[in-house]
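Please look over the sequence and the structure shown here before reading on. The briefing then goes through confidence, a helix end with its loop, and a further helix.

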Amino acid sequence: MTQDEHHEELPGGAEQAIGGGAAPDGPLLRLIKDRRIAFLVVGAINTGVGFVWFILFSLLFEGLWPHTWLATFLTIMCAHLLSTISAFVLMRKAVFRVTGHVWLDFGRFQLVYLVPLLLNHLVVLPLRMGLGMNPILAQFLFTFVTAVFSWFGHSRFSFHRRKEEQ
């Protein structure tokens, strides 16, 4: 089944979003015709960037507070903040190409990432600490959960526009 069979055809190849609006395709779609693939490409780039932030903050905070919950908590929070800022810019400019409503879009974007962030703290962190799992490996595995969840959240909510706003 193709992408067009899943969604109503909208001007500019935009995909139907929650409430009948759409998130228009961005410039990356000139090279990659499928928005899902473009999302994965940008997501992979940003995952790499976020993973580097995670490693750097992990080294910093583990050096200050070795093997503590605080070190892991601060690592996740700082890496989350910096990686979601870069993800927001990349997704907004390269994949969805929306204009206006920057703060509303950023707020929605952060709300989408709130669920994986909470799962990270409430499930992954205690599980990895209890099992003695390497924090970098645990974070790498959790990345797949975040990717699937964020595709639906960003394509249907974060960059939502009503037809009249396009």
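The points below are grouped by topic and concern a predicted model. The protein chain averages a pLDDT of 76, and 80% of the residues score at least 70.

**Confidence along the chain**
- Among the elements of the protein chain, helix 2 has the highest mean pLDDT, at 88, whereas helix 1 (residues 3–6) has the lowest, at 40.
- Over residues 1–21 the pLDDT stays under 50, and for these residues the model has 48 contacts beyond four places in sequence.

- Glu-62 belongs to helix 2, which covers residues 35–64, and the side chain of Glu-62 reaches the backbone nitrogen of His-67 at 2.7 Å.
- Leaving aside residues up to four places away in sequence, Glu-62 touches Phe-57, His-67, Thr-68, Ala-71 and Thr-72.
- His-67 itself lies in the loop between helix 2 and helix 3, and His-67 counts as exposed because its relative accessibility is 73%, where the cut-off for exposed is over 50%.
- The phi of His-67 is near 55°, a positive value in a residue other than glycine; most residues other than glycine have a negative phi.

**Helix 3 and the residue after it**
- Helix 3, which spans residues 69–96, bends by about 25° at Leu-90.
- Arg-97 follows helix 3 and has a positive phi, near 50°.

Methods:
Residues numbered from 1 in each chain as written. Heavy atoms only, no water. Helix = DSSP H or I, 4+ residues; strand = E, 2+ residues; numbered from the N terminus. Polar contact = N/O pair within 3.5 Å; in protein donor to acceptor, adjacent residues only side chain to side chain. Contact = heavy atoms within 4.5 Å. Bend = angle between axes of the 7 residues up to and from the residue. pLDDT = per-residue confidence, 0-100. Buried < 20%, exposed > 50% of the residue type's maximum accessible area, 1.4 Å probe, protein only.
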